[in-house]
Amino acid sequence: MIKKYLCVLALANLTVASAQDGTSSPYSYYGFGEQRFKGVNEIKDMGGLTVYNDSLRLNTLNPASYGELKNATFSLGASYRDNTLKSNTQKAKTTTGSFDYFALSIPVGKIGIGLGIMPSHFTGYKTSSFTKESGMDVNSLHTGDGGINRTFLGIGYKINKQFSIGAEVAYLFGDITNEVTKVVLDNGNGLALDRGTLGLQTNEYSGFDLNFAVNFKQPISEKLFVNFTGTFSPEMTMDNNQKYTLSSVRISDNSFTPIETLEVNNSKRELKNPMKYSFGAGIGDPFKWFIGAEYTATQASVYNDNWNYNNASFNDASKIAIGGFYTPKYNSYTSYLQRTTYRAGLRYEDTGLEIANESIKDLGAHIGFGFPVGRNNSNLNIGLEYGKRGTKNNGLIQENYFTLSVGFSFNDRWFEKRRFE
């Protein structure tokens with residue numbers, strides 16, 4: 001029986017993840033995996049504020065913002081992460097890269113439509129533990145990979161100058177694979193065995209998610225406005241088709257060759273996807289600056305109905321974010337840097353995951369730059385994030401990560417009759 005916590009496993013067996021992997025976090029073992037940010041770079045670089053929206057920038061976190069858009073907007077982005085994992089005794093470095101989003105919004109009068117695809121969760125870990133089982137020294141190798149994606153379609157409607165509302169439906173789908181390979185290093189007589197066991201669990205996920213939003217924007221002077229936003233996602237379910245097989249394997253040259261495979265279990269079940277809500281407020285001049293703050297709550301404790309861990313459980317999660325932007329002079333003809341938008345943000349998140357009586361927190365600082373490209377307010381957006389997740393207390397693992405994000409936002413006017421082509 002495994003007696004050690006998964007996150008107390010030997011970091012020496014962590015390898016550098018390949019560029020297409022979305023995460024290398026040992027915490028991605030739990031739940032659906034590591035949850036990804038579901039917004040575009042412009043929003044992420046401000047700490048992830050749902051509250052900000054204007055007529056030019058796409059905000060996929062807030063479907064009510066689609067009603068504000070004046071131009072058709074096409075956005076895509078990707079990121080690269082350097083991650084340092086530390087325990088009290090060991091240290092390892094990993095790198096990962098991922099596609100982050102592909103989104104399109106189309107304004108039609110007071111109605112705006114947004115659609116796209118992006119990752120929702122990633123799983124990616126490779127760790128090992130050494131335990132005593134029936135008097136034998138056993139090395140257990142744990143690996144996991146895969147993820148869940150989301151495609152979404154949202155509609156926003158601008159009721160009047162102050163109010164806009166929106167709704168979004170998303171389809172979630174993906175596969176996650178978890179493996180545990182056990183190797184006997186000492187059978188009690190000082191001999192290692194050339195046989196082992198491989199347990200393979202494959203999970204297929206599918207389901208829907210809903211998100212509703214309302215915006216209120218009020219001018220308080222000729223240039224300044226205040227903005228208030230609320231979003232709500234009800235509890236939904238995910239279908240989970242699970243297959244588990246157990247194999248005996250031959251060990252040679254650090255590789256495992258299956259000898260015999262037995263299908264142990266196939267099951268179908270419904271898993272809960274938690275309720276989530278947020279509210280935020282901000283103030284600014286839409287052509288020059290903005291600052292806002294936001295609170296998000298997620299009923300992550302429902303995950304305890306999905307999974308039963310010996311060493312871990314879920315509490316309700318929460319996040320606080322503050323951020324904004326500054327554009328010195330958006331219509332400057334003489335200085336490119338004055339037309340550049342500078343963004344910054346901070347976020348503090350209680351993930352809801354608790355291991356060995358330690359709550360797993362995530363703290364991140366963001367800066368970003370929006371560089372004008374061509375006409376129609378198109379931009380190249382580059383963001384930098386430094387964050388810390390987890391703790392070294394009670395033998396757990398602390399992650400210090402640095403993320404480089406690159407995104408493109410292309411704007412154009414559609415459905416408009418032009419006098420000159």
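Which residue of E3 does asparagine 83 stand opposite? Asparagine 83 stands opposite threonine 94 in E3. This pair belongs to a predicted model, in which local features need pLDDT of at least 70 and side-chain atom pairs count only at pLDDT 80 or more, while totals for chains, interfaces and linings use all residues. Residues are numbered from 1 along each chain as its sequence is written, and side-chain values use heavy atoms, with hydrogens and water left out.

The protein has two helices and 18 strands; helices (H or I, at least four residues) and strands (E, at least two) are DSSP runs, numbered from the N terminus. The radius of gyration, taken over C-alpha atoms, is compared with a globule rule of 2.2 Å times the number of residues to the power 0.38. For 421 residues a compact globule would have a value near 22 Å, and the 24 Å of the protein agrees with this. Along the principal axes, the C-alpha atoms fill a box of roughly 85 × 45 × 40 Å.

Burial and contacts were computed for the whole protein. A residue is called buried under 20% relative accessible area, exposed over 50%, and partly exposed in between (1.4 Å probe, protein chains only). Buried residues account for 49% of the 421 residues. The accessible surface amounts to about 20,300 Å², and 56% of this surface belongs to carbon and sulfur atoms; such areas come from the Shrake-Rupley method with a 1.4 Å probe, and for residues only the protein chains shown count as cover. A contact means heavy atoms within 4.5 Å. Among contacts between residues at least 6 apart in sequence, 65% join residues at least 24 apart.

The strands at the two ends of the numbering are linked by pairing. Two strands pair if DSSP finds at least two bridges between them. Strand E2 (residues 72–86) pairs with E18 in the antiparallel sense over 15 bridges, and in this pairing phenylalanine 74 stands opposite phenylalanine 410 in E18. E2 is also joined by 14 bridges to strand E3 (residues 91–108), and these two strands run antiparallel. A hairpin of four residues connects E2 to E3.

E18 has a further partner in E17. Twelve bridges join E17 to strand E18 (residues 398–412) in an antiparallel arrangement, with asparagine 381 opposite glycine 407 in E18. E17 (residues 378–390) is in turn joined by twelve bridges to strand E16 (residues 358–373), again antiparallel. In that pairing, the bridge partner of proline 372 is asparagine 379 in E17. E16 and E17 form a hairpin with four residues between them, and glycine 374 in the turn has a positive phi of about 65°.

Most residues other than glycine have a negative phi, and most peptide bonds are trans. Against this background, two asparagines may be noted. Asparagine 357, in the loop between strand E15 (341–355) and E16, has a positive phi near 65°. With 71% relative accessibility, asparagine 357 counts as exposed. Asparagine 394 lies in the loop between E17 and E18 and has a positive phi near 55°. The relative accessible area of asparagine 394 is 48%, so this residue is partly exposed.

Strand E7 (residues 195–219) and strand E8 (residues 225–233) run antiparallel and are joined by eight bridges. Proline 219 stands opposite phenylalanine 225 in E8, and a hairpin joins E7 to E8 through five residues. Nine bridges join E8 to strand E11 (residues 276–285), also in an antiparallel arrangement. Here the bridge partner of asparagine 227 is glycine 282 in E11.

Threonine 50 counts as buried because its relative accessibility is 7%. Not counting residues up to four places away in sequence, threonine 50 touches Asn59, Leu61, Asn62, Thr229, Thr231, Ser278 and Glu294. The C-alpha atoms of threonine 50 and valine 249 are separated by 50 Å, and the two residues are 199 residues apart along the chain.
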